[in-house]
Structure formats: C-alpha cells, structure tokens
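Hi there,

Here is the structure I promised to pass on to you.

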Amino acid sequence: MAGVPESHTGWTFITSHARVLAAIADNPNIRIREIAAHCRLTERAVSRIISDLEQDGYLSHTREGRTNTYRIDPDKVLRHPAEAGLSVAALLSLLVQDESERTGAPAAAPERRLVDADA
C-alpha cells in the first residue's frame, strides 16, 4: 500500500503519542499527512492519536478554512503514575530540542515553541 511507512519491530523509548505531540509542538498548523510521514505512522493512526490527545485534554484544535491549528496544554501532567507531576511542557522540551539537534536546525527555545502553539 502506497504511503504506508515501513513497520518497526521491537520496542522504542518514545511512544507514538509523544511523537505526534512533539510534531504538533514544532508546527501547530501541521497536516495529518505530514505528521504521519514524520512519525512513520499511518494517517489513520495519527488521527486516532490526535483523537486520544483531544479526548483527554492534552490537545485541542480550531478549524481555519481547510487547516487545523492545534493548541497543546503545556501544563497538563503526564498520565502514568511514574511520571506524576511532570508536565507536557517538560516532555516536549526534551523531544523538540532533540529533534532540532538531530536535524542540525537552529534550536528555538522549547518554551517559545509552546507559547507559539498556544497562540
């Protein structure tokens, strides 16, 4: 099937939900197709993840024409008891910074990106 990323075998440190959230933090106007390509997921999987994140209050969106603009709640705490007290902002500061370093792009301050995502 065209457009479907290669499957990954084995485990990973970062969940697909965290990857999708980081992609949105990097670009609040990103399209589902772009998230899927970036995260190596199907568009259907990305849609389900966005739905999960919205349902639990980590993410919301507004529709502007044909474009969605996403807003992340940076103060929302992570779900697992082992991460009790850690905020989404703390997680994203690690993931977004890491992405910038991997691609060699100039790193914007993670806090600034979250503020931009809130606008």
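**Around Asn68**

Leaving aside neighbours within four places in sequence, Asn68 is in contact with Pro28, Asn29, His61, Thr62 and Arg63, where contact means heavy atoms within 4.5 Å. Asn68 lies in strand E2 and, at 18% relative accessibility, counts as buried. The scale behind that word is: buried under 20% relative accessible area, exposed over 50%, and partly exposed in between, using a 1.4 Å probe and protein chains only. The side chains of Asn68 and Arg63 are also joined by a polar contact of 3.4 Å. A polar contact is a pair of N or O atoms within 3.5 Å; within protein, one must be able to donate a hydrogen and the other to accept it, and residues adjacent in sequence count only if both atoms are side-chain atoms.

Before you read on, please note that this is a predicted model, in which local features need pLDDT of at least 70 and side-chain atom pairs count only at pLDDT 80 or more, while totals for chains, interfaces and linings use all residues. Residues are numbered from 1 along each chain as its sequence is written, and side-chain values use heavy atoms, with hydrogens and water left out.

**The overall layout**

The protein has five helices and two strands, and from the N terminus on its elements run α-α-α-β-β-α-α. Helices (H or I, at least four residues) and strands (E, at least two) are DSSP runs, numbered from the N terminus. Of the 119 residues in the protein, 31% are buried. Among contacts with a separation of 6 or more, 43% are between residues 24 or more positions apart.

**The nonpolar core**

A nonpolar core is a set of buried Ala, Val, Leu, Ile, Met, Phe, Trp, Tyr and Cys residues joined through side-chain atoms within 4.5 Å. The largest one has 25 residues, and those with the most contacts inside it are Val20, Ile24, Ile35, Ile50, Ile72 and Leu92. Helices H1 (16–26), H2, H3 and H4 and strand E2 each give two or more residues to this core. H1 provides the largest share, seven residues. Not counting residues up to four places away in sequence, Ile35 touches Val20, Ala23, Ile24, Ile30, Val46 and Ile50.

**Two salt bridges**

How many salt bridges does a search of the whole structure find? There are two, a salt bridge being a side-chain nitrogen of Lys or Arg within 4 Å of a carboxyl oxygen of Asp or Glu.

- Arg33 pairs with Glu43, with the closest N and O atoms 3.4 Å apart. Arg33 lies in helix H2 (residues 32–39) and Glu43 in helix H3 (residues 43–55), so the pair ties together parts that are ten residues apart in sequence. Arg33 is exposed, at 61% relative accessible area, and Glu43 is partly exposed, at 38%.
- Asp56 pairs with Arg79, with the closest N and O atoms 2.5 Å apart. This pair links distant parts of the chain, 23 residues apart: Asp56 is in the loop between H3 and strand E1 (59–64), and Arg79 in the loop between strand E2 (67–72) and helix H4 (88–103).

Happy exploring!
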